[in-house]
Amino acid sequence: MPTEEIRVRGTVQGVGFRPTVYRLAKACGLQGDVCNDGQGVLIRVSGSEEAITKFVARLQTECPPLAKINQLTRIIHERELKFDNFVISTSVSNAIKTEITPDAATCPQCQQEIFDPFSRFYRYPFTNCTHCGPRLSIIRAIPYDRCNTSMSAFAMCSECAKEYHDVENRRFHAQPVACHACGPKAWLERADGKSVTASMFSMMDDVDAVCTLLQKGEIVAIKGLGGIHLACDATQETAVQKLRQRKKRYHKPFALMARDIEIIEEYCTVNAKEKELLIGSAAPIVLLQATGKKVVAPSIASGQNTLGFMLPYTPLHHLILRRMNRPIILTSGNHADEPQCIDNDEAREKLGTIADYFLFHNREIINRVDDSVVRVIGEKAQTIRRARGYAPAPISLPPGFQNVPQILAMGSELKNTFCLLREEKAILSQHLGDLKNAAAFNAYQDTLNLYLNLFEHQPEVIAIDKHPEYLSSKLGKELADTNQIKIHQIQHHHAHIAACMAENGIPLDSPAVLGIALDGLGYGDDGTLWGGEFLLADYRKFRRLATFKPVVMVGGEQAIYQPWRNTYAQLISANLWNDCQQRYSDLEIIKFLNKKPLKLLNQLMDKGINSPPASSVGRLFDAVAAAIGIYRDECSYEGQAAIAMEAIVDVSSLNNYKETPKYPFNFIFSDRIYCIDPRPMWQALLDDLQQQIPEPVMAAKFHKGLANAIVEMVKHLYQENLINQVVLTGGVFQNCILLEQVTKQLQTLEIKVLTHSLVPANDGGLSLGQAVIVAAQLIHEC
């Protein structure tokens with residue numbers, strides 16, 4: 001009988017793939033073996049050609065829920081191999097080419113078992129199987145076997161071992177399998193060190209007691225899957241305010257978790273796509289439109305009309321929320337801007353002044369993994385933060401990117417991710433945060449080293465952002481110098497555009513696209529700060545066709561957190577300040593600005609001291625928001641004013657496109673480049689303020705006017721350049737209204753529009769763009 005060697009690559013370890021191979025091989029009457037190795041799964045089968053072909057076909061159609069076959073190759077052995085049966089063989093360690101599976105939310109079968117009094121997994125908070133449970137968060141090395149995870153500390157009991165070796169059981173070769181008798185344990189502690197037991201609350205166990213504590217208004221730190229969270233009752237304003245003050249997170253919205261979809265629907269509208277995301281194996285936080293029928297505590301998401309909800313994604317969370325008929329806050333266990341705690345002792349030290357109680361367990365978290373965040377715009381999911389449930393699943397590169405060398409892309413300064421590129425795949429790390437925080441930068445380096453070791457990645461080239469002060473860029477230069485390898489500096493907005501092209505599968509040698517990259521700022525080729533760019537770009541190069549008129553950021557970084565600075569700079573740039581003093585002196589914004597040290601600010605601007613010009617659309621949003629009275633004085637996080645302005649937009653004014661006026665913009669040609677000039681918009685806005693037009697109407701007119709200006713510029717550039725599609729990217733295009741307005745108008749003109757879905761439009765997707773640009777340039781050189 002013929003013998004074949006079948007090589008399967010993709011997401012095929014830790015997902016029940018070998019048990020499926022075993023079951024199907026037996027069903028097809030084949031003999032042989034299957035094992036994990038560094039490249040994926042290796043199958044050797046002996047049997048008739050018809051039986052082997054049937055086996056391969058069934059393997060692809062009956063793939064386990066979490067598995068993904070990227071490549072399957074068959075090689076016929078010249079000589080027959082002798083097998084007596086079909087078996088699962090010991091894993092083999094060799095060159096790492098396989099994929100690591102993201103952590104997966106608890107499957108329906110495991111959910112049923114933890115609530116079944118007759119199951120041996122009844123109320124066990126670490127129940128899992130091959131269809132769900134920890135993966136990335138517990139892995140130390142490949143292949144994905146128990147000995148290479150933090151579960152190596154727990155020897156299986158006889159019952160778990162029996163299920164682990166039973167091919168008919170869904171826990172067959174499930175590496176984290178465990179139960180009450182042999183697995184990790186959870187326990188409750190008081191933050192003040194005093195003893196506490198579930199019996200004090202007349203509860204079933206320590207996990208159940210957490211629910212009672214939350215209902216009483218206490219703050220509980222809960223060690224979960226990829227980190228420690230802080231939780232409290234989301235309907236108790238006193239508890240929420242206590243959490244904000246202790247955590248020093250004064251305004252940024254909190255994430256919420258609810259027991260089931262029915263509870264979420266009491267607070268938000270949930271469409272079919274949003275429900276699909278909530279109940280899927282990734283189980284991200286989904287931004288949903290609040291209905292106002294039932295409301296959470298006011299300070300959870302002040303100034304916003306959306307709430308970020310997720311469902312329980314581990315048995316621990318399911319058990320905590322069993323008796324909870326209202327939402328809870330579940331936010332990262334950290335002080336503002338620091339990385340999430342993952343270690344028990346670290347949490348006791350850093351969170352002891354925030355939490356009243358701790359729910360700990362003794363399974364080590366190897367990889368810190370934050371919760372992912374997504375939003376549905378139209379019928380398309382847009383990833384805002386790519387982490388748990390999605391990372392590190394690889395992104396397939398478009399046609400033309402074959403045989404590229406191993407590349408490491410370092411990402412940006414804010415919302416950082418890094419990217420490993422090799423063999424037509426891009427492995428994007430989980431969200432790592434803002435590197436300006438020393439602890440976050442240290443965590444970034446630790447995670448980078450872990451990935452390089454896990455995937456045995458030896459970069460031949462390193463890609464960095466052009467900004468000379470980004471810590472990721474500085475580290476990239478150090479690594480390149482130390483290892484004597486090439487380094488490529490990639491322009492920020494070109495990387496944004498390339499990332500969107502790559503995730504949309506645009507082939508390497510496709511014609512250039514018109515990329516519109518709108519964000520806070522990025523370092524431009526001319527040494528100035530860009531943030532409102534129209535670039536004619538392919539993967540290798542770009543040409544700047546148009547921009548927004550540069551306006552100084554008075555005080556540099558201070559302008560990000562004090563929106564009024566941008567308003568003043570915009571009015572000065574538009575030569576409207578004298579009019580403001582004469583015609584508009586009674587306006588609140590003008591009175592407010594006149595109380596500021598304008599003489600000093602003028603000197604800074606005149607002398608160019610800490611006042612860099614920037615074409616930033618993000619800062620334009622801030623300036624308009626401050627002018628109409630939204631977070632005028634201070635913001636606690638970047639984009640707060642812009643997000644709040646989006647939330648108040650008058651939808652009726654927005655939808656009545658033809659009859660409702662929109663703010664006008666000018667188009668000028670300066671320094672051999674087209675510019676969008678907001679001067680007429682400011683004149684109209686000042687008039688509206690004088691006429692006391694409602695804020696929601698002014699916000700709608702600004703969004704409509706800006707969208708119209710972008711589309712008019714596209715129409716103009718379309719005529720002058722050979723363009724067949726437009727890319728919308730950058731953090732500003734996370735604004736749902738702007739994205740929808742621009743997309744609809746361009747599609748009406750029969751222009752193909754590419755937007756983000758798999759990776760964030762913000763800087764979280766930047767490393768993917770950096771990596772593919774370098775790959776394209778290297779391929780071109782060859």
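The legends below accompany several close-up views of a predicted model.

Local features are described only where pLDDT is at least 70, and side-chain atom pairs count only at pLDDT 80 or more, while totals for chains, interfaces and linings use all residues. Residues are numbered from 1 along each chain as its sequence is written, and side-chain values use heavy atoms, with hydrogens and water left out.

View 1. Pro392 sits in the loop that runs between strand S15 (380-385) and strand S16 (395-396); strands here are DSSP runs of E with at least two residues, helices are DSSP runs of H or I with at least four, and both are numbered from the N terminus. Most residues other than glycine have a negative phi, and most peptide bonds are trans.

**View 2. Tyr631 and its positive phi.** Although Tyr631 is not a glycine, it has a positive phi of about 45 degrees. The residue belongs to the loop between helix H19 (617-628) and helix H20 (640-648). Tyr631 has a relative accessible area of 23% and is therefore partly exposed, given that buried means under 20% relative accessible area, exposed means over 50%, and partly exposed lies in between (1.4 Å probe, protein chains only).

**View 3. Gln692 and its positive phi.** Gln692, which is not a glycine either, has a positive phi of about 60 degrees. It is part of the loop between helix H22 (679-690) and helix H23 (695-720), and with a relative accessible area of 69% Gln692 is exposed.

**View 4. The surroundings of Glu338.** Glu338 is located in the loop between strand S12 (328-332) and helix H10 (344-351), and its relative accessibility of 27% makes it partly exposed. When residues up to four places away in sequence are not counted, Glu338 touches Lys350 and Asn437, where contact means heavy atoms within 4.5 Å. Glu338 and Ala443 are 105 residues apart in sequence, and their C-alpha atoms are 9.7 Å apart in space.

**View 5. The largest nonpolar core.** A nonpolar core is a set of buried Ala, Val, Leu, Ile, Met, Phe, Trp, Tyr and Cys residues joined through side-chain atoms within 4.5 Å. The largest one has 80 residues, of which Phe534, Trp682, Leu685, Phe702 and Leu738 touch the most other members. Helix H23 supplies the largest share of this core, 12 residues. Leaving aside neighbours within four places in sequence, Leu685 is in contact with Val624, Ala627, Ile628, Tyr663 and Met698.
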